[in-house]
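These are my notebook entries on one chain. I set down what I looked up, entry by entry.

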Amino acid sequence: MKTSTIERTETDYKVADISLADFGRKEISIAEKEMPGLMAIREKYAPQKSLADVRITGSLHMTIQTAVLIETLTDLGASVRWASCNIFSTQDHAAAAMAKRGIAVFAWKGESLEDYWRCTYRAISHPEDKGPQLVVDDGGDATLLIHKGYELEEGSDWAKTKSANKEEQVIKDLLLEIQRENPYRWHEIVKDWRGVSEETTTGVRRLYKMHEEERLLVPAINVNDSVTKSKFDNLYGCRHSLVDGLNRALDVMLSGKVAVICGYGDVGKGCAQSLRGQGARVVITEVDPINALQAAMEGYEVTTIEDTLGRGDIYITASGNLDVITLEHMQRMKDQAIVAN
């Protein structure tokens, strides 16, 4: 799939199976009943088309719930293009439902890294060679791609340096390919860019770093630290979705397993409750003394990750940081240990 130059076709989308659209539509109708906030926004603002002709790019898990958000934006008049922010999280029936409605969506479960970054670029590339005015980001990948492309055109040699891993090389290869086709492509894209919203700890940290280095091109809204995100989605959303995700991926019995939660913030708290509810023996690792004390007062064992190696069955990282679980840790884990983030 060559997408560095955007092909203009009658079907401007890339999904796994468009025939899943009707199934997706049925689940969307259920989700709408569970998302009264968005539905109230539609009712109030759709008639006046508050987002008329606003170009929006989304890089966010392409799920049924995201479909409700996408349709809200389009009902308010926005021109929306969407890609997933994770190669495995797309619900193919949700993506198909969006494509059938005529929304430009580029997402399917099991994308390669090359697919993923090209889909992100396609979502960024609006008709008439324009870029987005607003970006809805989850993890900061769309923001990163735009900034790295812009910096390349400004003389940065990052794309030509040695890569630390495969994904970094995939990004660099894509940027260099785009530059060969159009040396000013990213300046065209950022011309009308007005802002970005970010809803993950990882993405917010990237934004703060770029702001400190005076590299951030547009204002950014920190959705991640809003109360309704941190105290509700992070806690109750993760409590709901963790077990579901483990069952979908592996369908392994969780009862009686030793589950190690790395981090006891709001996400960690939700994960711990989720696994305790399944009968797992939950162990917490936490560097913050207050959070660690909270975990102890809830009755969890609190220790170091090194102390759990060889006995932990499931490891969940919930810190928003890197190197929490290392290759050395994995080498010392028991056979068939499950690692998730």
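**Entry 1. Terms and basis.** I call a residue buried under 20% relative accessible area, exposed over 50% and partly exposed in between, with a 1.4 Å probe and protein chains only. I worked on a predicted model, in which local features need pLDDT of at least 70 and side-chain atom pairs count only at pLDDT 80 or more, while totals for chains, interfaces and linings use all residues. Residues are numbered from 1 along each chain as its sequence is written, and side-chain values use heavy atoms, with hydrogens and water left out.

**Entry 2. The whole chain.** I looked up the secondary structure and found 14 helices and eleven strands. Helices (H or I, at least four residues) and strands (E, at least two) are DSSP runs, numbered from the N terminus. I then compared the radius of gyration, 21 Å, with the value near 20 Å that a compact globule of 341 residues would have, and the two agree. The radius is taken over C-alpha atoms, and the globule rule is 2.2 Å times the number of residues to the power 0.38. Along the principal axes, the C-alpha atoms fill a box of roughly 60 × 50 × 35 Å.

I noted that buried residues make up 49% of the 341 residues. The accessible surface comes to about 17,300 Å², and carbon and sulfur atoms account for 52% of this surface. These areas come from the Shrake-Rupley method with a 1.4 Å probe; for residues, only the protein chains shown count as cover.

For contacts I used heavy atoms within 4.5 Å. Of the contacts between residues at least 6 apart in sequence, 70% join residues at least 24 apart.

I counted 41 positive and 52 negative side chains, and the centres of the two sets lie 2 Å apart. Lys and Arg count as positive and Asp and Glu as negative, with His and the chain ends not counted. The place of each charge is NZ of Lys, CZ of Arg, CG of Asp or CD of Glu.

**Entry 3. The parallel sheet.** In which order do the five strands of the open sheet stand? I read the order S9-S8-S7-S10-S11, and the pairing is parallel. Strand S9 (301–302) and strand S11 (338–340) stand at the edges with a single partner strand each, so one side of each has no neighbour in the sheet. Two strands pair if DSSP finds at least two bridges between them. As a general point, strands of a sheet pair through backbone hydrogen bonds, either parallel or antiparallel.

I went through the pairings in turn. S8 and S9 are joined by two bridges and run parallel, with Ile 284 opposite Val 302 in S9. Strand S7 (residues 258–262) is joined to S10 by four bridges, also parallel, and Ile 261 has Ile 316 of S10 as its bridge partner. Three bridges pair S10 with S11 in the parallel sense, and here the bridge partner of Ile 316 is Ala 340 in S11.

I also checked the side chains of strand S10 (residues 314–317). Ile 314 and Ile 316 point one way, Tyr 315 and Thr 317 point the other way, and all are buried.

**Entry 4. Thr 285.** This residue lies in strand S8 (residues 281–285). Is Thr 285 buried or exposed? I found Thr 285 buried, because its relative accessible area is 10%. Beyond its neighbours within four places in sequence, Thr 285 is in contact with Val 260, Ile 261, Cys 262, Gly 263, Thr 303, Thr 304 and Ile 305.

**Entry 5. Val 267.** I placed Val 267 in helix H11 (residues 266–277). Its relative accessible area is 24%, so Val 267 is partly exposed. Outside four places in sequence, Val 267 is in contact with Asn 234, Cys 238 and Ala 318. From Val 267 to Thr 317 the C-alpha distance is 9.4 Å, across 50 residues in sequence.

**Entry 6. Glu 71 and Arg 42.** Glu 71 lies in helix H3 (residues 64–75), and Arg 42 lies in helix H2 (residues 36–45). I found Glu 71 buried at 2% relative accessibility, and Arg 42 buried at 10%. Not counting residues up to four places away, Glu 71 touches Arg 25, Ile 28, Glu 32, Arg 42, Met 98 and Arg 101. With the corresponding exclusion, the contacts of Arg 42 include Glu 32, Val 68, Glu 71 and Asp 75.

**Entry 7. Arg 81.** I located Arg 81 in strand S2 (residues 79–83). Arg 81 counts as buried, because its relative accessibility is 3%.
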